[in-house]
Amino acid sequence: MVEEELPAQAIEKPVRRGRRPSPRWDQFRRTWYFFRRNTLAMIGLGILIFFVALFITSFIYPANSTELIPYEATNGAAPSPNPIFPQVCTYQPGEVPPAPNCYLTPTGLPSVIAPTVALSPATLGPLPFGSLTLNPTEPIFYNTFDGLIKGAQWSITISVGVVVSGAILGIFLGVVAGFYGGAVDEVIMRLTDIFLSIPGLLLVIIVLAVFAGSITSTWDRVFLVIGAFVVVWWPTYARIVRSQVLVVREQRYVEAAKASGARGGRILRKHIMPNSIYPVFVQMSLDVGTVPLLIAAIVFIGFHVFPILNFPEWGTITAFSVQGAVLYSFIEACQSSITNTCIFPWWQFFFPGLTLFLFAISVSFFADGLRDALDPRLRR
Amino acid sequence: MRLWVYVVRRVLLVIPVVIGVMTITFALVSSLPVSERLISYYGPNPKLPYTPTVPCNKLYPGEPGNCTNPIYTKGVDALGLNKPIPEQWAIYIGNSLTGNWGYVGNKTGVTGQVPIASGQPVVKVLGWFLPYTLELAALSLLLILIIAIPIGNLSAVNRNRPIDQAARVLSFSGFALPAFLLGSVLLMGFVLLIGGSNGHSPFCTGQTSYTDLYGSWPPVQCFPGGVYPSWLNQGQISSPTGFPTIDAAIHGNWWFALDTVIRMLLPAFVIAYGTVALLLRFVRNSMLEVLNLDFVRTARAKGLPEKSVVKKHAGRNSLNVTITVLGLTFAGFIAGFPIIEEVFGLYGVGRMIAFSVTLTPYDFGMIFGSTILFTLLVVAANIIVDVLYAFLDPRVRLG
Amino acid sequence: MAAAAVREPAAPGETLPEESVAAATAPPEIRPEERDESALTHGDVILDIRELKTYFYTYDGVVLALDGVSFKLRRKETLGLAGETGCGKSVTAFSVLRLIPDPPGRIVSGKILFRGADLLWGLDKEARMKPIKRSVRVKVIHKFRRIKAASARMMAVRGHGISMIFQEPSQAMNPIFPVYDQIGETLLLHRGQTIIDQLLNATPDAPEVQPAIERLAEAVRARESTDRLKALATVVGEAAHLPSFGTQAFYSARNALSTSPDAVTADLRSSLRRLRLSGLQRSYLKNRRRQTEIIDDLREIYMREMREGQHHRLLEARARRRQFTLRWSHPQFGVPYVHRRADKPLKDELFWQTVALLEGVQIANPVQVARCYPFELSGGMIQRVMIAMALSSEPAVLIADEPTTALDVTIQAQILDLMRELKHRVGTSTLLITHDLAVLAEVADRICIMYAGNIVENAPVKSLFANPLHPYTRGLLASIPRVDQPDKRLESIPGSVPNLIKPPSGCRFHPRCPYAMPVCKESRPPMTDEGNGHQVACFLYHGPSVIE
């Protein structure tokens with residue numbers, strides 16, 4: 001009756017030779033295609049790769065890992081003609097500094113930016129990436145450039161630790177709640193309600209305040225910080241996973257697995273878990289960027305998270321660079337100075353702030369791109 | 001179902017959550033070492049440490065060995081620390097629910113900054129400073145709604161076009177910029193802008209422009225004759241309502257009211273910037289979803305101009321999701337208050353928290369009290385959001 | 001071809017002259033006679049779709065949903081568009097009103113002539129397609145300003161000249177506004193001037209009003225029949241020069257019949273109050289009237305643009321400027337309290353006009369229904385409401401996209417009866433889209449069968465059922481189970497609907513066709529006329545030599 005054998009629906013898709021067509025790989029390629037089309041997401045990915053490189057560099061950078069070594073500052077001479085970007089100044093250890101306001105960093109590397117205006121150390125010493133502590137009358141000067149590079153270690157480790165631990169706890173509880181349902185579900189949901197009603201930052205501060213008295217070593221403090229954040233963050237993950245599990249639970253393949261005799265644990269492991277955790281990845285990548293911001297906020301409020309003031313961590317450095325007392329004393333000094341040439345040392349907060357900003361924004365571009373790429377509705 | 005029945009049911013649902021929160025704070029309080037709790041309650045004692053036993057020669061000079069510390073036993077009895085845990089829990093919940101949240105310690109960071117709070121009940125001190133936080137919250141919410149909803153709608157309607165990309169950058173930058181950094185930089189920027197590099201105030205002779213924007217209260221020199229108005233008490237708490245702007249309006253002192261609002265504008269903007277970042281995405285996504293629904297197509301097929309379709313039909317429907325999200329992110333919104341109040345020097349509940357953790361000994365009474373207060377605010381906001389939702393969506397009201 | 005008469009025969013079933021068949025298959029161009037609107041109103045074709053192509057640009061490739069669809073809809077005719085799911089019927093309907101969601105869809109080419117205006121004018125300039133190398137995808141570069149302008153132009157026909165009702169009635173209305181609000185919006189948009197004029201010219205204090213009210217009250221107290229009450233209420237409305245007041249009087253009376261007949265006079269007298277307008281209300285109404293005038297002007301301008309094929313930017317800008325100044329010229333109406341008071345008469349008027357409209361679609365309790373929210377109404381009720389809304393502006397064309405598919409059979413029958421009755425009463429041409437041939441057998445005058453984005457047969461209904469020409473139509477009709485032959489095997493057409501990303505070459509039906517010939521694989525069969533207005537696109541009927 002019909003002459004041709006060609007089936008009516010001949011879908012021709014480019015298939016690479018030699019590669020087994022597997023749905024997972026196809027899905028990954030599709031996701032990557034949509035991700036690639038998103039410019040912002042690609043920018044985020046680029047900056048993230050830069051941060052990974054920074055992380056690796058920070059282990060080999062020759063500076064102290066747990067303390068920013070302060071150094072002496074010398075007073076300076078006349079201001080240079082360009083107040084925004086002063087001259088770059090380099091010299092080798094052992095040589096005479098070419099200009100009076102040229103500082104050599106403790107690591108022996110040249111200072112990237114030389115200061116321009118001489119203000120007395122009682123107020124804000126405009127140091128190369130320099131920064132003050134809380135007490136304006138007895139300042140400790142340190143090099144924030146070193147601090148930023150070494151800080152990559154601490155900040156990124158803490159962020160990743162928080163996110164991974166929180167995710168593990170949250171996924172576990174979420175899957176249990178979603179899969180078993182009933183009373184267990186109710187209890188866990190009430191718990192998440194309670195934890196989500198308490199403003200996050202406050203809960204972190206309380207937990208830290210309660211336990212900080214008895215914990216003083218650096219690594220212990222780090223674990224305490226991670227623990228405090230996990231306490232605040234597990235509900236978010238649990239909720240996401242639970243709603244996803246509720247959807248996955250109703251799918252046919254779960255029913256089929258049950259019908260063929262698989263028991264609870266196996267179903268959980270093989271079917272439900274892998275399919276429910278995609279949205280968590282998105283949330284995880286988003287949260288990685290927020291953790292250093294929150295640590296900075298806590299330090300800014302006045303609670304010293306780490307045992308010493310000059311701890312090399314992005315949040316600590318940023319927080320101390322914009323303390324209110326510092327700003328106010330700058331204004332006072334400007335008012336009382338005779339020459340009236342006050343140049344606010346913008347580099348003091350700009351570079352630490354920029355690091356935090358780039359980290360958070362690259363991560364959020366990446367997470368947003370990931371979310372759009374995974375969303376089935378937006379895939380057309 | 002009638003609206004008030006809905007409200008009552010909603011309020012009843014909240015009680016377990018409140019008790020749960022208090023249980024968590026109880027757990028944390030109980031984890032404190034006893035000496036900390038005693039310090040927090042009685043203040044540090046220079047003569048005797050808060051340990052169970054002390055060498056006897058501190059009490060009775062000359063006696064050897066260790067004796068029980070009378071201060072310790074007295075303190076433990078007063079705080080009820082030797083009772084079984086469930087009983088302690090019950091007492092704690094009872095106290096919390098009736099408003100007995102402890103007392104401000106007398107040598108902590110809080111009393112360092114606000115001396116008249118020493119020894120006062122925590123609830124009373126919080127009541128002094130809560131109105132300012134509420135005023136700031138109201139102004140911020142207003143700003144958030146004014147900024148987020150129009151931009152979100154525009155974003156959704158012009159999807160992936162320049163304005164959408166710009167809004168996306170705005171929302172990401174709001175998320176990535178720490179609030180304290182933005183606040184500090186903006187504060188410095190405005191101070192330098194107003195006062196110039198010599199920093200003198202243009203409004204208030206003899207002062208720096210810094211004080212024009214920093215702090216809740218204008219300095220005494222700015223008042224005519226250098227005298228505080230009579231309705232501003234010694235602790236700078238205003239009467240009769242405690243809300244500074246409203247009180248100033250009641251007393252007819254419009255300059256003061258305006259001044260308070262101006263001081264609140266910059267902090268409200270900084271808070272709004274962070275929350276708008278979060279909200280913008282949701283407004284946009286909900287609007288996109290609504291624009292794909294059938295009735296929007298019907299409205300277009302009727303011949304309504306596009307602007308009308310978007311504003312009337314789609315806009316009202318996506319408002320529901322917006323309000324729900326606002327309720328969900330209220331906890332995060334409130335969590336930003338301590339930081340902003342610290343940056344701008346405003347005397348609100350958040351700043352009390354900052355004072356409590358600045359110096360050791362931490363003022364635990366104040367910390368836990370303000371946390372419970374903030375939690376109650378979050379819970380109240382969620383109730384209001386649900387009620388508003390029912391009000392806006394007839395399906396919930398009549399369904 | 002230049003001499004071909006544009007006059008199509010009035011009744012379906014008459015022979016089409018050869019030239020117009022050729023014209024239907026000729027490359028689409030507007031001939032000079034068709035540009036003149038008056039020429040077309042003499043003629044009978046009200047909606048002329050020529051070679052409409054709509055594609056969807058997706059990740060998996062370009063879906064050729066409509067590949068050259070052409071048909072004509074005549075005045076007062078009900079044209080049925082039938083076919084399987086996925087053959088492109090709804091896409092055709094949406095393309096006419098340009099409701100295709102723009103990413104991913106796009107009307108690529110074609111002409112849709114409505115009253116001499118080409119609704120797809122300027123289409124080629126709105127977007128550019130760029131094929132992406134080494135993949136099946138195509139990138140579409142939109143020119144948004146033009147697309148927005150085209151969308152604004154469609155305001156001239158949407159709802160006004162061409163109305164549409166949709167498939168799932170329960171989803172089709174906005175859930176947060178009550179029915180009177182949504183229908184009132186439509187009424188104001190399309191008939192605003194008439195309504196406001198009536199309201200302004202109402203005479204609540206004319207001498208005939210009170211006696212008429214008295215007579216109605218007596219009838220209520222005497223418990224007379226509903227028809228009598230209706231007649232008397234109409235008299236009241238005429239006395240006040242406002243028909244909607246008649247409707248209001250009737251429903252007040254009917255309500256009073258069951259509750260308190262003695263209060264009727266007072267009731268009616270107090271409802272007269274809504275017709276007495278204060279100065280503020282009059283000025284507000286005059287303002288609204290001017291706004292509706294400007295909207296009508298804009299519609300005229302857009303129709304002119306589409307008819308003449310050129311921009312009239314100056315006129316449009318002037319109208320928009322007038323709109324803008326009008327909106328801001330009376331700031332007192334922006335104050336919510338003032339606005340509410342000034343707006344009340346108009347809202348009441350629109351409410352009662354809505355009630356009258358709902359009466360027209362045979363809803364038994366229009367007052368309650370008008371006050372309801374859509375989620376409180378059943379599917380059949382909402383579909384009636386939608387029909388009322390669509391026909392309120394007395395459009396020339398009504399497009400009904402599977403109006404009864406989501407409803408159960410008894411309601412379906414009622415809705416179809418309603419549509420048939422309205423067709424006779426109002427005289428709208430209908431394009432009825434459905435997959436159910438039985439429905440079309442009842443209601444349609446002419447049927448187009450669609451398959452995979454092409455029209456394969458276009459015939460008067462009797463001729464189609466008596467003598468189906470296209471093999472697909474034959475297969476369709478053969479597959480309908482027959483009650484009188486219970487033992488007969490259920491026939492089906494072998495194969496399944498083709499993938500429209502890579503559709504079969506030539507005639508899209510050839511893989512499943514029992515009569516396929518080699519030529520079917522090579523080229524698409526043109527639409528040929530087989531006499532009696534029965535057109536078919538199949539090489540079985542005219543060999544390749546007929547293609548010119």
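**View 1. The left-handed crossing of helices H3(A) and H4(A).** In this predicted model, H3(A) and H4(A) cross in a left-handed sense. Two packed helices are described by the angle between their axes and the distance between the axes. Here helix H3, residues 144-180 of chain A, and helix H4, residues 182-197 of chain A, have axes that come within 7 Å and cross at roughly 140°. That angle makes H3(A) oblique to H4(A).

**View 2. The residues through which H3(A) and H4(A) meet.** On the side of H3(A), the residues that take part are Leu173(A), Val176(A), Ala177(A) and Tyr180(A), and they meet Gly182(A), Val184(A), Asp185(A), Ile188(A) and Met189(A) in H4(A). Sorted by class, this contact of H3(A) with H4(A) comprises 7 nonpolar, 1 polar and 1 charged residues.

**View 3. The side of chain B that touches chain A.** Between these two chains, 47 residues of chain B are in contact with 45 residues of chain A. The elements of chain B that give two or more residues to this side include helix H1 (3-31), helix H8 (162-176), helix H9 (179-195) and helix H18 (364-392). Also among them are helix H15 (330-335), helix H16 (337-344) and helix H17 (349-358) of chain B. H1(B) gives the most to the side of chain B that touches chain A, with 7 residues. By class, the side of chain B that touches chain A holds 31 nonpolar, 13 polar and 3 charged residues.

View 4. Phe256(B) has its place in helix H12, which spans residues 254-291 of chain B. Because 23 other C-beta atoms lie within 10 Å, Phe256(B) is buried, the cut-off for a buried residue being 20 or more. The C-alpha atom of Phe256(B) is separated by 18 Å from that of Pro267(B), and the two residues are 11 residues apart along the chain.

**View 5. Stretches of chain C with pLDDT under 50.** Over residues 1-43 of chain C, pLDDT stays under 50, and for this stretch the model has 57 contacts beyond four places in sequence. Residues 544-548 of chain C likewise have pLDDT that stays under 50, and for them the model has 4 contacts beyond four places in sequence. Where pLDDT is low, the predicted coordinates should not be read in detail. For chain C, the mean pLDDT is 83, and 91% of its residues reach 70 or more. For the complex, the predictor gives an ipTM of 0.86 and a pTM of 0.79.

Methods:
Residues are numbered from 1 along each chain as its sequence is written. Chains are lettered from A and ligands numbered from 1 in the order in which they are written. This is a predicted model: local features need pLDDT of at least 70, side-chain atom pairs count only at pLDDT 80 or more; totals for chains, interfaces and linings use all residues. Axes are lines fitted to C-alpha atoms, for helices over the stretch in contact, and angles run from 0 to 180 degrees between N-to-C directions. Helices (H or I, at least four residues) and strands (E, at least two) are DSSP runs, numbered from the N terminus. Angles under 35 degrees count as roughly parallel, over 145 as roughly antiparallel, 65 to 115 as roughly perpendicular and the rest as oblique. A crossing is left-handed if the near helix is turned anticlockwise from the far one by less than a right angle, and right-handed if clockwise. Two residues are in contact if their C-beta atoms, placed from the backbone, lie within 7 Å. Ala, Val, Leu, Ile, Met, Phe, Trp, Tyr, Cys and Pro count as nonpolar, Asp, Glu, Lys and Arg as charged, and the others, Gly among them, as polar. pLDDT is the predictor's confidence in each residue, from 0 to 100. A residue is buried if 20 or more other C-beta atoms lie within 10 Å of its own, exposed if 12 or fewer, and partly exposed in between; C-beta atoms are placed from the backbone.
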